[in-house]
Amino acid sequence: NITVSPTPDIPVISTDGITLTSSSATGNQWYLAGAPITGATAQSYTPGIDGDYYVVVTINGCSAQSETISFFVGIEDLKSSVFSVYPIPNDGRFTVSIVSKSNETFNISIFNTLGMKIFEEGDIVVSGTLNKVIDLKPIAQGVYSIVLQSGQNRIEKKILVNK
């Protein structure tokens, strides 16, 4: 007798800016920079360091892997905020997640590899959590820089558009 088990659905990672949560209730194993995180097998995981995270769901011996999400625990210049971008890589559509403990105003700018600004949105007021979907389709494949700025403070994150 042969038992055939279906491959689990590809998990999707969501975040509230502090915790990463898998769309799968069971079978989770969280990874950081390609290595499994010891003991990180619950549906949610709270990162302790900045990095690129993903989750692999294994059910009945079959596995499926999520897309990678870049997560920042703390921003040196923006100490009261948490900033993450996901998924990475993406097809030109991605989410910028900002969590701020106090009322802060942000600007988001996106630059291509030549340093040309291809997107800008300003005066984004955040008090709590903001998940902003940015759709730059149809932009070319490549590496882009996302700059989050509040006053004189700024942080830059690279993303990969891969079609």
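Reader: What makes the pair formed by the side chains of Ser97 and Asn131 a polar contact?

Author: The two side chains come to 2.8 Å. A polar contact is a pair of N or O atoms within 3.5 Å; within protein, one must be able to donate a hydrogen and the other to accept it, and residues adjacent in sequence count only if both atoms are side-chain atoms. The model is predicted, so local features need pLDDT of at least 70 and side-chain atom pairs count only at pLDDT 80 or more, while totals for chains, interfaces and linings use all residues. Residues are numbered from 1 along each chain as its sequence is written, and side-chain values use heavy atoms, with hydrogens and water left out.

Reader: Why is Ser97 called buried?

Author: Buried means under 20% relative accessible area, exposed over 50%, and partly exposed in between (1.4 Å probe, protein chains only). Ser97 has a relative accessible area of 0%, so Ser97 is buried. Its place is in strand β10, residues 93-111; strands (E, at least two residues) are DSSP runs, numbered from the N terminus.

Reader: Why is Asn28 called buried, and what does its side chain meet?

Author: Asn28 has a relative accessible area of 4%, which is under 20%, so Asn28 is buried. A polar atom of its side chain lies 2.8 Å from the backbone oxygen of Ser24. Asn28 is found in strand β3, residues 28-32. Leaving aside neighbours within four places in sequence, Asn28 is in contact (heavy atoms within 4.5 Å) with residues including Ser22, Ala40 and Val57.

Reader: How do you know that β2 and β5 pair?

Author: Two strands pair if DSSP finds at least two bridges between them. Strand β2 (residues 20-22) and β5 have 2 bridges, in the antiparallel sense. Leu20 stands opposite Tyr45 in β5.

Reader: What makes β1 and β5 edge strands?

Author: The open sheet has the order β1-β2-β5. β1 (13-15) and β5 (44-45) each pair on one side only.

Reader: What makes a set of residues a nonpolar core, and which residues touch the most other members of the largest one?

Author: A nonpolar core is a set of buried Ala, Val, Leu, Ile, Met, Phe, Trp, Tyr and Cys residues joined through side-chain atoms within 4.5 Å. In the largest, of 21 residues, Phe94 and Ile108 touch the most other members. β10 gives the most to this core, with 6 residues. Apart from this core lies another of 13 residues, among them Ile13, Tyr45, Phe71 and Tyr86.

Notes. Helices (H or I, at least four residues) and strands (E, at least two) are DSSP runs, numbered from the N terminus.
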